[in-house]
Amino acid sequence: MKMDNTLLEDVNAQINREFYAAYLYFAMATYFAEINMEGFAKLTKNHAKEELNHAKKLYDYLILRNEKVNLFQIEAPDTGWTNPTDAIQSALDHERFVTGHIHKLYKDAKEKNDFALEVFMQWYVSEQVEEEHLFQSMLDKMNYVQDCSCEIVNIDRELKIQSEYVE
């Protein structure tokens, strides 16, 4: 069954948003590397790879459904972070933005009776809960210790140990 044109456009737009997210997290990894926060750099670089996998999953889904994939230009992310907390807040804001689009795509698939897309999007709905939780919990910790920047260094050290490094 062919996809509704609006749904198809929205899935293609979501592929672009996932690629943009990867750019954003690579930019954050660069920022963190530049300020010698290796743990945060590892975390955001790993997250960039995860976002590429999200884009690939959507891409493969459209191919499976014999639909047209449109790859749009990827906008350069804003990199004007003033400190690590600002960067992580930016990540959380972006994940909330993506969540809104995922929810809309899920809702629209349901309303248009595209059951296959609705079921497929359920994974993304659940994934966004995890994405937001990751950055919200990190931001909460960072805000809690904001008066002691040495604690942010400890969080970075913890992330460096915990995060698996992705090449």
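**Reading the model**

Reply: Tyr-25 is buried, having a relative accessible area of 0%; here buried means under 20% relative accessible area, exposed over 50% and partly exposed in between, with a 1.4 Å probe and protein chains only. Phe-135 is likewise buried, at 0% relative accessibility. The model is predicted, so local features need pLDDT of at least 70 and side-chain atom pairs count only at pLDDT 80 or more, while totals for chains, interfaces and linings use all residues. Residues are numbered from 1 along each chain as its sequence is written, and side-chain values use heavy atoms, with hydrogens and water left out.

Me: How many helices and strands make up the secondary structure of the chain?

Reply: The chain has 5 helices and 0 strands, these being DSSP runs numbered from the N terminus (helices: H or I, at least four residues; strands: E, at least two). Read from the N terminus, the order of elements is α-α-α-α-α. Of the 167 residues in the chain, 45% count as buried.

Me: How should I read aromatic pairs, and how many does a search of the whole structure find?

Reply: A pair of aromatic rings is described by the distance of the centres and the angle of the planes. Rings of Phe, Tyr and Trp (its six-membered ring) pair if their centres lie within 6.5 Å; planes under 30 degrees apart count as stacked, over 60 as edge-to-face and the rest as tilted. The whole structure contains 7 aromatic pairs. One of them is the stacked pair of Tyr-25 and Phe-135, with 5.5 Å from centre to centre and 0 degrees between the planes. This pair connects distant parts of the chain, as Tyr-25 belongs to helix H1 (residues 5–34) and Phe-135 to helix H4 (residues 115–144), 110 residues apart. An edge-to-face pair is formed by Trp-123 and Tyr-124, at 4.8 Å centre to centre and 85 degrees between the planes. Trp-123 is partly exposed at 35% relative accessible area, whereas Tyr-124 is buried at 1%. Tyr-31, Phe-32, Phe-40 and Trp-81 together form one aromatic cluster.

Me: Which residues of the largest nonpolar core touch the most other members?

Reply: A nonpolar core is a set of buried Ala, Val, Leu, Ile, Met, Phe, Trp, Tyr and Cys residues joined through side-chain atoms within 4.5 Å. In the largest one, of 22 residues, those touching the most other members are Tyr-25, Met-28, Phe-32, Phe-40, Trp-81, Ile-88 and Phe-135. At least two residues of this core come from each of H1, helix H2 (38–64), helix H3 (84–111) and H4. H1 makes the largest contribution, with 8 residues. Apart from this core lies another, of 18 residues, including Met-3, Leu-8, Leu-58 and Leu-105. Leu-8 is found in helix H1 and is buried, with a relative accessible area of 11%. The C-alpha atoms of Leu-8 and Asn-70 are separated by 9.5 Å, although these residues are 62 apart along the chain.

Me: Where is Asn-66 found, and what is its phi?

Reply: Most residues other than glycine have a negative phi. Asn-66 has a positive phi of about 60 degrees although it is not a glycine; it is found in the loop between H2 and H3 and is exposed, at 63% relative accessible area. Asn-113 also has a positive phi, near 55 degrees. Asn-113 is found in the loop between H3 and H4 and counts as partly exposed at 45% relative accessibility.

Me: What is the count of salt bridges?

Reply: A salt bridge is a side-chain nitrogen of Lys or Arg within 4 Å of a carboxyl oxygen of Asp or Glu. The count by this rule is 7. One of them joins Asp-60 and Lys-56 at 2.7 Å, N to O; the two are 4 residues apart in helix H2, and therefore separated by about one helical turn. Asp-60 is partly exposed at 32% relative accessibility, as is Lys-56 at 48%. Another joins Asp-108 and Lys-104, with the closest N and O atoms 2.6 Å apart. Asp-108 and Lys-104 are 4 residues apart in helix H3, again about one helical turn. Asp-108 is buried at 10% relative accessible area, whereas Lys-104 is partly exposed at 45%. Glu-118 and Lys-110 also meet in a salt bridge, at 3.5 Å, N to O. Glu-118 is buried at 12% relative accessible area, and Lys-110 is partly exposed at 46%.
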